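Visitor: I have a model open here and would like to go through how it is put together. Can we start with the helices?
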Amino acid sequence: MITMKTKLCDFCLNGDIEAILCGTCNIKRKACEFNDTYVEIARIIKNLSKKHNMLENIELVNVIDTRMFIIIIVNKNNVPQIIGKDGQIIKEISKKIGKTIKVLSDKITDNEVIINLLKPYIIKKINMIYLIDGEKLKIIMSKQDEKNIINNYNSYETAIKILTGKEISIIFE
Ligand SMILES: [Zn+2]
């Protein structure tokens, strides 16, 4: 039998969206192996898999929750399934959780992470700059996207820091 792969035990995965975790899963959550949003997303996907069979073998690698959007990281082979035809599945998950969702594959380079997160906006150039206290990525983007990106700046910054370990600074020109 094909089953969804998550960091939760089967009992917790099949629980209601608000259900409390078992002792073992709760220890993992406290150790930051996953967050509360991970639990919610895992349960939403599990529930949707009853209706959409292709979600049955999803491997939910990680979930990052920022102020403006949630990033779902899945096994590289599962990206098309979680997005669904015309983005149908991702729209359903987004509606249930009440936030915009971005999907990333677990096997991509730091630059790909940044390019995918900032979609649909186009990056002109990424440069590494070296400072006294470490490195920083300078991301050059178009002036016309400035307003949209600035609104989500903190979310991009947080997500990129978590996913790549790198500090960024976005420049518009
Ligand atoms: Zn559990």
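**Helix packing**

Guide: Helix α3 (residues 36–48) packs with helix α5 (residues 88–97) at an angle of about 130°, their axes 10 Å apart. Helices here are DSSP runs of H or I with at least four residues, strands are runs of E with at least two, and both are numbered from the N terminus. Axes are lines fitted to C-alpha atoms, for helices over the stretch in contact, and angles run from 0 to 180 degrees between N-to-C directions.

Visitor: Before going on, what kind of model is this, and how are residues numbered?

Guide: This is a predicted model, in which local features need pLDDT of at least 70 and side-chain atom pairs count only at pLDDT 80 or more, while totals for chains, interfaces and linings use all residues. Residues are numbered from 1 along each chain as its sequence is written.

Visitor: Back to the pair. Which residues of α3 and α5 meet?

Guide: From α3, E40, I41, I44, I45 and L48 meet I89, E92, I93, K96 and I97 of α5. Contact means that the C-beta atoms, placed from the backbone, lie within 7 Å. By class, this contact of α3 with α5 has seven nonpolar, no polar and three charged residues. Ala, Val, Leu, Ile, Met, Phe, Trp, Tyr, Cys and Pro count as nonpolar, Asp, Glu, Lys and Arg as charged, and the others, Gly among them, as polar.

Visitor: What about the sheet with β1 in it? What is the strand order?

Guide: That open sheet of three strands runs β1-β2-β3, with mixed pairing. Two strands pair if DSSP finds at least two bridges between them. β1 (60–65) and β3 stand at the edges with a single partner strand each, so one side of each has no neighbour in the sheet. Neighbouring strands are turned by 20° against each other on average, direction ignored.

Visitor: How many bridges join β2 to β3?

Guide: Six bridges join β2 to β3, and the two run parallel. I70 stands opposite I101 in β3.

Visitor: Where do the two helices sit on it?

Guide: α3 packs on the sheet and touches β1 and β2, with its direction at about 125° to that of β1. α5 lies across β2 and β3, running at about 130° to β3.

Visitor: Now the other sheet. Which strands form it, and in what order?

Guide: Three strands form an open sheet in the order β4-β5-β6, again with mixed pairing. β4 and β6 are at the edges, each with a single partner strand, so one side of each is left without a neighbour in the sheet. The twist averages 25° from one strand to the next.

Visitor: Does β4 run parallel or antiparallel to β5?

Guide: Antiparallel: eight bridges join β4 (residues 123–131) to β5 (residues 134–141). A hairpin links β4 to β5 through two residues. I126 has I139 as its bridge partner in β5, and Y130 stands opposite E135 in β5.

Visitor: And β5 with β6?

Guide: β5 and β6 (residues 167–172) run parallel, joined by six bridges. The bridge partner of I140 in β6 is I171.

Visitor: Last topic. How is the chain divided into domains?

Guide: The protein chain is divided into domain 1 (10–105) and domain 2 (110–172), with bounds from an automatic or database domain assignment. Their centres, taken over C-alpha atoms, are 25 Å apart. The contact takes eight residues from domain 1 and nine residues from domain 2.

Visitor: Which elements give two or more residues to the side of domain 1 that touches domain 2?

Guide: β2 (69–74) and β3 (100–105) do. By class, that side of domain 1 has five nonpolar, one polar and two charged residues.
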